[in-house]
Structure formats: structure tokens, C-alpha cells
Amino acid sequence: ERPNYTDCFSRLGKIAEIKGNNNFASAWYIEALKVNPRHADSWTNLARLDIGSHDLGSAQKKLERVIKDAPTDGISNIIMGNIYFNSARWSP
């Protein structure tokens, strides 16, 4: 009934993620991005899924996109800081 309700897609993705179905979660986040390519929550959630599958490079790119559009987005900045911290910790 509301095909442009991005927050609904994001919430459905979160429900799928909690139930352990990351493929469905990713699909819902991508649906939200089709409606609004700058939907910060969807980009951040996709980045968290990337981190869960140990793809830090992809997660970093998604978070950089969010931070570029919304530099005060707290969650994205915290997650990005964690990526930087972990990268520095394992660098020689």
C-alpha cells in the first residue's frame, strides 16, 4: 500500500536479520535503496552485514557514503571507527 516507505523496508530487513536470514535482510535494505539511494539506515545495515561476513572493505565504502551525506550520523561514525581501530591493530 505504501511502496515508497523506506523505513518499513529497513525494519523488515532488521526482522530478517534477527531471524538469521541475512539474504532476505540484504534484499529488504536494497529495496529501500531503490526508493531512496541515500537512505542512511539501509547503507549502515548493509555495512554491518558486510562486517559480519568479514568484508571490511565493502563495509567501509558503504559507511563512507553515509558519512559523506550525513557527517553527524552517529552509528556510521562509530562503526567506521571500529573498522579503523581493528585495521590499525592488525597492521604491522
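Trainee: Which residues in helix 3 meet which residues in helix 4?

Mentor: The model is predicted. In helix 3 the contact is made by A40, W43, T44, L46, A47, D50 and I51. Their counterparts in helix 4 are L56, S58, A59, K62, L63, R65 and V66.

Trainee: How many nonpolar, polar and charged residues are in that contact of helix 3 with helix 4?

Mentor: The residues on both helices are sorted by class. The contact of helix 3 with helix 4 has nine nonpolar, two polar and three charged residues.

Trainee: Are helix 3 and helix 4 roughly parallel or antiparallel?

Mentor: Two packed helices are described by the angle between their axes and the distance between the axes. Helix 3 covers residues 40–52 and helix 4 covers residues 56–69; their axes are 8 Å apart, at an angle of about 165 degrees. That angle makes the pair roughly antiparallel.

Trainee: Is the crossing of helix 3 and helix 4 left-handed or right-handed?

Mentor: Handedness is a separate item from the angle. For helix 3 and helix 4, the crossing is left-handed.

Trainee: Is K62 buried or exposed?

Mentor: K62 lies in helix 4. Leaving aside neighbours within four places in sequence, K62 is in contact with W43, L46, A47 and D50. Buried means under 20% relative accessible area. The relative accessibility of K62 is 16%, so K62 counts as buried.

Trainee: Where is H54, and is H54 buried or exposed?

Mentor: H54 sits in the loop between helix 3 and helix 4. The cut-off for exposed is over 50% relative accessible area. H54 has 72% relative accessibility and therefore counts as exposed.

Trainee: What is the phi of H54?

Mentor: Most residues other than glycine have a negative phi. H54 is a residue other than glycine with a positive value. Its phi is near 65 degrees.

Trainee: How many helices and strands are in the protein, and which pattern does the protein follow?

Mentor: The protein has five helices and zero strands. Read along the sequence, the pattern is α-α-α-α-α.

Trainee: What radius of gyration does the protein have?

Mentor: The C-alpha atoms fill a box of roughly 55 × 30 × 15 Å along the principal axes. A compact globule with 92 residues would have a radius of gyration near 12 Å, and the value for the protein agrees with that. The protein has 14 Å.

Trainee: What percentage of the 92 residues do buried residues make up?

Mentor: A related figure concerns contacts between residues at least 6 apart in sequence: 36% of these join residues at least 24 apart. For burial, the share of the 92 residues is 34%.

How values were computed: Residues are numbered from 1 along each chain as its sequence is written. This is a predicted model: local features need pLDDT of at least 70, side-chain atom pairs count only at pLDDT 80 or more; totals for chains, interfaces and linings use all residues. Side-chain values use heavy atoms; hydrogens and water are left out. Axes are lines fitted to C-alpha atoms, for helices over the stretch in contact, and angles run from 0 to 180 degrees between N-to-C directions. Helices (H or I, at least four residues) and strands (E, at least two) are DSSP runs, numbered from the N terminus. Angles under 35 degrees count as roughly parallel, over 145 as roughly antiparallel, 65 to 115 as roughly perpendicular and the rest as oblique. A crossing is left-handed if the near helix is turned anticlockwise from the far one by less than a right angle, and right-handed if clockwise. Contact means heavy atoms within 4.5 Å. Ala, Val, Leu, Ile, Met, Phe, Trp, Tyr, Cys and Pro count as nonpolar, Asp, Glu, Lys and Arg as charged, and the others, Gly among them, as polar. Buried means under 20% relative accessible area, exposed over 50%, partly exposed in between (1.4 Å probe, protein chains only). The radius of gyration is taken over C-alpha atoms; the globule rule is 2.2 Å times the number of residues to the power 0.38.
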